[in-house]
Amino acid sequence: MLKFDHVTKQFGELAAIDDVTFEVKPGIITAVIGPNGAGKSTLVNMAAGSYGVTSGRILVGDTELQKLPKYRIAHAGLSRTYQNIRLFDGMSVVKNLEVALVPPRVGSLIANTFGLSGRAAAEERRARCHAVLERLGLAAYAERQAGSLAYGQQKLVELARAIVAEPRVLLLDEPAAGLNHGETEQLKQHILALRAPDLAMVLIEHDMKLIMSISDTIVVMNRGRVLAQGTASEIRTNTEVQEAYLGQPGAIKDIEAAARGRRNRVRIREGEGLTWHQP
Amino acid sequence: MGALILQQTINALTVGSIYALIALGYTMVYGVLRLINFAHSELFTAGAFIGLALAGALGVAGHPTGGLLVGFITFVIIGLAGVSVEIVAYRPLRGTSRLAPMLSALGMAVVIQNAVMLIGGRRPLIYPSFLPSGVIDVFGAIITYKQITIFLVAVILMVALELFVNRTNLGVRIRAVAENAETASLVGINPNMAISLIFFIGPGLGAVAGILYSSFYGVATFTMGFVIGMKAFTAAILGGIGSIPGAVLGGFLLGFIETFATAWMPVLTGGLIGTEYRDIFAFSVLVLILLFRPAGLLGEHVSEETIVYKSDF
Amino acid sequence: MENPARRASTPPVAATRKLWPGALAMLAVPVLLLIVGPHLPAYPLRILDMILLYAILGLGLNIIVGYAGLLDLGYVAFYAIGAYSWALLASGQFDIHLPFALVLLTGASLAGFAGILLGIPVLRLRGDYLAIVTLGFGEIIRVLMNNLDGVTNGPQGIARIDEAHLFGWTLSTPDDFLYLLVGMLVVVFLFVWRIQASALGTALSAVREDQDAARGCGINTTRVKLVAFAFSAFIGGACGVVFAAMQRFVSPESFTFWESLVIVLVIVVGGLGNPFGALLGATLLILLPELLRAYADYRLLFYGMALVIIILARPRGLIARQFGPSWLMRRLGGGKC
Amino acid sequence: MKVLHGISLEVLPGEVVCIIGPNGAGKTTLLRTISGLNRATRGSIRFKGEEVAGLKPYQMVRRGLGHCPEGRRVFQLSIEENLITGYVPGRGKSFAELRDQVYALFPILGERRHQSAGRLSGGQQQMVAIGRALMGSPELLLLDEPSLGLAPIIIHQIFEIVLKLAESGVSIILVEQNIDLSFEVADFVYALEHGSLQCSGPAAKMAADPRIKDIYLPGLDGQDSH
Amino acid sequence: MRLKSILCAAVAMAALTGAARADILIGTAGPTTNAEALFGTTWQNGMELAVRQANAAGGVQGQKLVLVRDDDGGDPKQGTLIAQKHCDNAGMLAVVANFNSGVTIPSSDIYNRCGMPQVTNASNPKVTKAGYKNLFRPIANDLSQGAAPAEYALTKLGAKKAAIVHDKQAFGQGVAEVFRTNFTKGGGTVTSFSGIAQTDVDFSALLSTIRAEQPDVVYFGGVMPAVGLFVKQARELGIKATFFAADSAFSPDFIAGAGPASEGAVVSFQAPPYDSSPALKKFAADYKAAFGEEPGPYSAYGFVEASIIIEAMKKAPAPLTRAGIVSEIAKSDFDGIVGHVSFTPEGELQKPFLFLYGVKDGKFDLVK
């Protein structure tokens, strides 16, 4: 459904993405993981049209996204959430969703505003938004100003905004960041419920527990390249992946030594064991 | 012909010097606060009036050396006025919205202009020249000592400012605040100190420009700031607002555009387009430059990829 | 993914039904104006006309500045285009005497067209640079009006413009214009209200809040902004036509940069993005200088001070963006919706 | 919006304290509150025995606090000018003295002192940011994700410097996602989640606790090395 | 909220009118702020002087006169609001309004509608074209103001080439065009006809071009301080031509502003010199005594314009009405301080007076 075809992205001399090729299939959840700076967000931003592509193609079906202006990418069926929440803070929650349903053509936009059919169309848009809000348990917040909601709720509103237009590809950029266990669990249920035969979902996440539990396939990136791809268990046992995440075990030795040396010299805080402040 | 071109070049340099001096005040304030300081042009006017009053009080009207003293004291007085305006009318609005301080500045402009009118009078004041008189004839072009002095004073002030900003520790700190006030405060710089300093230097330079301007043209009126302020502001944009060399470049460029448009446009178009289209020409150049270089000639181009854009208003 | 619309439940807009008392209260304002207005002496009546005119201008500018978040410092250009349309198409200047209703439409459309022409090149600019270019555009239009002597009569202006007739009704006294302006205000108000409530308004708000995210949601931001420019200019042009019909004289000095600033002040002081804000702002900004007439020489000094004080006290304007019937009902009812 | 909830934490002189937690847990907000960029709604912040809640960031710096913000945020000035911005007069050492110390710590910066900091690589920018903070002779240094986006080899260098600084008596609060390394260099660790303190304790004990690893370690499962 | 403000306005206005109920009100509106503040203020001072003198002489029909001064800022919109305000004020029996042609034209509609006697200072020929019977213009309009200098330049100076500059304002461009027409008609050549902006102060670029054209005379259609600056800069650039300027330059400010450069410049003015008659001499002295400064360029006009109204009021039958005053003004026939006042049916002066002055030894010297 979504295909990265030899995609490269240069920032100045630095290649943030270096000849990446992989495909995201519909009906399943594809997770992209990797250390900070591995290029995951760059990949998302290129697909969504925020960044230009230096070379290569990004395809949804037969449509080459890198050739489209950003707003057309949404109409091509790709929508996303953002790592740092980007809601329209001053607008109500339901209006935030309606933005994604605004008619693409200016003519229909004006006809919608002043024409006779406008009211019905507006009602229909509203109904769709409310349905999605209800689905995500946000119905009570429909008329609240988006910026005034709690963090977790904002994250969900962003998800709602991304799905209200019924995309073919959904990019979720760290949806669980900053959520507590309960919220993460809730999110997990919502994501699983979204799984549909004609929807390709891409999940970028740091929360390994979440990833391991819901991803059908995992793409591991490191320093702008795809390091490995496979199921959770395949990835778990991949030594290259372990190294990428933990750093070369050898190189850490110096630090360990230096730290140990220091620890012998300085007073360590008198501590029994760990203090758990929360259950 | 050669003489005429030379003459017009000199004319352009003189006007450009004054635009550039005023443009500096706009650009410095904008660089730090992203604020169009509408009151700047009125402080320029106030500077000319205070200079005149001082010259009278000190009995140095018309003496070039007295002019230095007057210029210095006026710089300080108007500088302090600028600092007060910022504290009273802009600082409380910091962080509210972009429009509020701009319109507050507009209100301050009205206040200052009318205060100058009520105190200094409506009558155009005959201004004693602090500049040396005399002319040199260079290949048929007439250069007055006044023009030379204005150019020199402007260049000296601009170089001094550039050195201050680039070569002194204080200047470096100001640039840091201009780039990111929050980070600057994290490394121990008091952003308000830097902002006050900018509101001291910018209007101070404007005041000196006011004295030069009125000395050169021999007149001071309470309304003279508005139009020249608009032009200087245009110059600042032209050069890339926020950039000090940009303001200087913009000032001189606008001086040249205006001068040569006035001199040659009627000739080039066979009288079809007269000198009265000068301002259209100037604004069209501005629009064109912005369309092709959206941040002005020397402004930092901020690409869409590197900024996360949130609405300003 | 299945279509969530199919699961549509009842639209839970609890407030819709209760909106009408608030809306009715607001409708009372124009009705009251029409009843009380004609009984006022001519001077306050004329001030009222000016307030209404600037309120309509404010409503128009609000589309660009308040909804789309683009600062337009050259709005007076559209106003001027409208005014000169009436002056040229209904006067002895070219001995053309078109009916008012036609020119109202033509002038407004011309202005709207100018809005699009201006919009195409400048909309890729952002923030202050856009503001400066619109400022330049305003000045260019004014200087053109001042210089195209053969067409506009240059600085002399165009005098003795025809008296306006609207479907057999002569518009000459301040109360004639009161009826016209109240009518226009209601129409423009509903127009703007409609925009705000429609998909277009949603798109514009999204552009204002976060342009990139709006694009990410599939909004063609450039087009949407162009539409905003066109509508805004259209309203400005219509106001210009009425202004010229009221004054029966136009000259470039009525269309200075300062006028643009006054209209910006109207909406910022009143409250950006709220139609009622434009009304309140216009009232304040037109009335204030008239009330200060008693102070003669100190008039503008006090005016400037008042501006600064108002802005310092209410940096976000006198009326909140969300203010409206539903907001009012919510506040009055005390309950959340 | 409430981001932090009743957090109590303590840093002893010369100690390296690490704060861990997932994205959005409030770590950065905590650092910003300590240095005065954000105002604490309630509670007190004491620094060297003095109540400092409500002080402005630059006042904190003058009292001996250094803060390297997330994303480094070096100024688009030359390296040396960046150091100038960080210099706080009247804290004992002269500018030249401090500058030479920084160049001794990061020789590469000394070599390129007139180069624009904006053009440096990420690691070098991080060095500039740390050097800039050191110009204020801090007694407490806040480091917000110094390893973000850096190559492992550079990360090692940065952490070695952190240790060196700690040796020289500077207290350090380190916010990190690279938990393995953090546990190595830290003496004491606080774990944050959703703006609340989850768990705290000596680093070694933290590292050994399987529950901590389960929650915070970006390892791929519970049975990974260590 | 809006209604409340309107009520406030009404109350404020009632308070204003109430205070002066027993007196006869004469209104005026002119720019006392913005760029033309000096002209408007000194012009209104001239009226003030006439009113004070009339009051000192016992007022009119035993009542005191009060001048209600208003600031229109040179803005047509404000001018119409003030016109309405004056009209609504039942105690107001006549106005001297406005100073600018662009403000007078729209406001005269309103004054006409309420039958207000209106004496204007606006010199644009169009002002009287509406044919309002209540509107009078006791000064030479731009047609004569531009014509006389052209004739003088051609016949007395024998000029062949003229460069013309104007400030793109209604007045400046108006007189400049009249000068051009008359100069060409009389056989002269116009080398250039250039517009500047009213607020310009630097003319070096334009003057450098003009210098190359070597004109015999340079006509400047514009107002102070631009005139002074223009002449001064022209001389500094070595232009030898004779300068012609319109009435606003007839002021000590011009000579002081341009300095020695003003020597030889010719200025047209609608009044004889202040020292040419005892009446004018007295006016200048009285003015100085009353306001502590020299009269402005239009002070004498203001005095005359107010005098016309006062004279008419003296003759009009009691009780005074606007209509009564209008018909008396139409019948005006007296010697004002600048010349004889009597009107054509169109409201123009029967015999517009226009004088040309040359600057000689730092003083204005009548040349024609």
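## Contacts between chains

A contact means heavy atoms within 4.5 Å. By that rule chain A and chain E do not touch, and their nearest C-alpha atoms are 27 Å apart. Chain C and chain D are not joined by any contact either; the closest C-alpha atoms of these two chains lie 19 Å apart.

The structure is a predicted model, in which local features need pLDDT of at least 70 and side-chain atom pairs count only at pLDDT 80 or more, while totals for chains, interfaces and linings use all residues. Residues are numbered from 1 along each chain as its sequence is written, chains are lettered from A and ligands numbered from 1 in the order in which they are written, and side-chain values use heavy atoms, with hydrogens and water left out.

## Confidence and annotation in chain B

The pLDDT is the predictor's confidence in each residue, from 0 to 100. Chain B averages 85, and 95% of the residues score at least 70. Over residues 302-313 of chain B the pLDDT is below 50, and this stretch has 32 contacts in the model beyond near neighbours in sequence.

An unreviewed UniProt entry lists several stretches of chain B as "transmembrane region", including residues 12-36 and 280-299. UniProt positions are given in the numbering used here, feature names are shortened, and annotations may be inferred rather than shown by experiment. In the model, residues 12-36 of chain B are 88% helix and 0% strand, with the end C-alpha atoms 26 Å apart. Residues 280-299 of chain B are 65% helix and 0% strand, and there the end C-alpha atoms are 23 Å apart. Helices (H or I, at least four residues) and strands (E, at least two) are DSSP runs, numbered from the N terminus.

Chain C has 14 helices and four strands. Of its 337 residues, 66% count as buried. Buried means under 20% relative accessible area, exposed over 50%, and partly exposed in between (1.4 Å probe, protein chains only). Among the contacts in chain C with a separation of 6 or more, 78% come from residues 24 or more positions apart. The accessible surface of chain C is about 11,200 Å², and 67% of that belongs to carbon and sulfur atoms. Accessible areas come from the Shrake-Rupley method with a 1.4 Å probe; for residues, only the protein chains shown count as cover.

A nonpolar core is a set of buried Ala, Val, Leu, Ile, Met, Phe, Trp, Tyr and Cys residues joined through side-chain atoms within 4.5 Å. The largest such core has 404 residues, and those with the most contacts inside it include C:W86, C:F100, D:I172 and E:F254. Helix α2 (residues 42-67) of chain C gives the largest share of this core, 18 residues. Apart from it lies another core, of 35 residues, among them A:V94 and A:L159. Leaving out residues up to four places away in sequence, C:W86 touches several residues, among them C:L98, C:F100, C:I161 and C:A245.

## Cysteines

A disulfide is a pair of cysteine sulfur atoms within 2.5 Å. How many disulfides does a search of the whole structure find? The search finds one over all chains. This disulfide joins E:C87 to E:C114, with 1.9 Å from S to S. The link of E:C87 and E:C114 is left-handed, with -60° about the S-S bond. E:C87 lies in helix α3 (residues 76-88) of chain E and E:C114 in the loop between α4 (101-113) and β4 (118-119), so the pair ties together parts that are 27 residues apart in sequence. E:C87 is buried at 8% relative accessible area, whereas E:C114 is partly exposed at 23%.

D:C199 is buried, at 0% relative accessibility.

Most residues other than glycine have a negative phi, and most peptide bonds are trans. The peptide bond joining E:A97 and E:N98 is cis, with omega about 0°. E:N98 lies in the loop between β3 (92-97) and α4 of chain E. A cis bond also runs from E:A318 to E:P319, with omega near -10°, and E:P319 is in the loop between α11 (299-315) and α12 (322-330) of chain E.

D:K48, which is not a glycine, has a positive phi of about 50°. D:K48 is in the loop between β2 (46-47) and β3 (50-51) of chain D and is exposed, at 52% relative accessible area. D:S137 has a positive phi near 40°. Its place is the loop between α6 (122-134) and β5 (140-144) of chain D, and D:S137 counts as buried at 19% relative accessibility.
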